[in-house]
Amino acid sequence: MSDQVTVAMSGITKRFGGVHALRGVDLTLRAGEVHALLGENGAGKSTLINILSGVVTDHGGEISIGGQPVRFAGPAAAQAAGIATIHQELDLVPALSVAENLVLGREPRTRLRTLDRRAMARAAQDWLGPLGARIDPRRPVGSLRVGEQQLVEIAKALSLDARVLVMDEPTAALADAEVRRLMSTIRALRERGVAVVYISHRLEEIEHIADRATVLRNGEVAGTLRPDRADRQRIITLMVGRPAEALF
Ligand SMILES: Nc1ncnc2c1ncn2[C@@H]1O[C@H](COP(=O)(O)OP(=O)(O)OP(=O)(O)O)[C@@H](O)[C@H]1O
Ligand SMILES: [Mg+2]
């Protein structure tokens, strides 16, 4: 893991009417780290990543990338700045093929201005291959399993030069084998220097994959730590705000 800070969010606040969803949250992301976001339901995890990915724009506090302050006008601006988000509802077009989805909006053309299908298949191979994904690029995305669709989205993010990849509960709809494959894909992303933000309620997964974890509670940072099996009680204590034994 490098110490280079890719993204710094500082003093992030957000209110929805009378609800303080976030109150002064600091979060740093380093190149090549997997950073888990933990917290009970309603703690503010999705709101924080919606701000990072430009979905929520009216917030307090600052975001900087590589030391430069940024202000996202919307999701496209965040994407252009290298922040890709894999939402639970995937953003692919089911009727189009894997290759078509990967190059959507920037399709390679032949000299005759027709779709360059060979270049598309090559691009699909180039971006899916390193993720260890064996998916026929001609298949319609709608015919793939959820885990495969996720890999296509990750490949697309890489092809768009994402430096930060945000995943909100990526394993919620996956079978065990797909979870294992996602874990190895995340390791490959880390090797490439991508910062991965990983939201999950499954502590075992987080202990397995995350380099650091930030725990949110009631819209505030309760703590940032290196998640380890030995620390599970401590993590739960941070999440709920009282010693874990008191829960049982
Ligand atoms: N669009 C919205 N309008 C009003 N309140 C909202 C909105 N989005 C979030 N909130 C509120 O802000 C707080 C933080 O919600 P958020 O969705 O960020 O939590 P979360 O940590 O992602 O929870 P979960 O684990 O259930 O996904 C909650 O009290 C929630 O009800
Ligand atoms: Mg959420």
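Helices here are DSSP runs of H or I with at least four residues, strands are runs of E with at least two, and both are numbered from the N terminus. What you're looking at is a predicted model, where local features need pLDDT of at least 70, side-chain atom pairs count only at pLDDT 80 or more, and totals for chains, interfaces and linings use all residues. Residues are numbered from 1 along each chain as its sequence is written, chains are lettered from A and ligands numbered from 1 in the order in which they are written, and side-chain values use heavy atoms, with hydrogens and water left out.

**Helix α8 and its surroundings**

- Helix α8 covers residues 232-240, and Ile-235, Ile-236, Leu-238, Met-239 and Val-240 in this helix are buried. Buried means under 20% relative accessible area, exposed is over 50%, and partly exposed is in between (1.4 Å probe, protein chains only).
- Those buried α8 residues pack against β3 (34-38), α7, β9 and β10 (220-225). Contact, here and below, is heavy atoms within 4.5 Å.

**Gly-44**

- You'll find Gly-44 in the loop between β3 and α1 (45-52), and at 9% relative accessibility Gly-44 counts as buried.
- Leaving aside neighbours within four places in sequence, Gly-44 is in contact with Ala-21, Leu-22 and Leu-216.
- Gly-44 and Arg-23 sit 21 residues apart in sequence, with their C-alpha atoms 9.4 Å apart.

**Salt bridges**

- The count comes to 10 salt bridges, taking a salt bridge as a side-chain nitrogen of Lys or Arg within 4 Å of a carboxyl oxygen of Asp or Glu.
- One of them pairs Glu-100 with Arg-117, with 3.3 Å between the closest N and O atoms. Glu-100 is in helix α3 (residues 98-102) and Arg-117 in helix α4 (residues 117-128), so this pair ties together parts that are 17 residues apart in sequence.
- Another joins Asp-211 and Arg-190 through their side chains, at 3.0 Å from N to O. This pair links distant parts of the chain, 21 residues apart: Asp-211 is in the loop between α7 (203-209) and β9 (212-217), while Arg-190 is in helix α6 (residues 176-191). Asp-211 is buried, at 11% relative accessible area.
- Glu-205 and Arg-202 also form a salt bridge, at 3.1 Å from N to O. Glu-205 is buried at 8% relative accessibility, whereas Arg-202 is partly exposed at 37%.
- Arg-145, Glu-148 and Glu-178 are linked in a network of salt bridges.

- The chain splits into domain 1 (1-82 + 163-170 + 194-248) and domain 2 (90-162), with bounds from an automatic or database domain assignment.
- Their C-alpha centres lie 29 Å apart, and the contact takes eight residues from domain 1 and seven residues from domain 2.
- Between them the domains bury about 480 Å², 66% of it on carbon and sulfur atoms; buried area is the accessible area (1.4 Å probe) that two parts lose on being put together, summed over both.
- On the domain 1 side, Arg-163, Leu-165 and Pro-170 lose the most area to domain 2, together 56% of what that side buries.
- Strand β7 (residues 164-168) supplies three residues, the largest share of the domain 1 side that touches domain 2.
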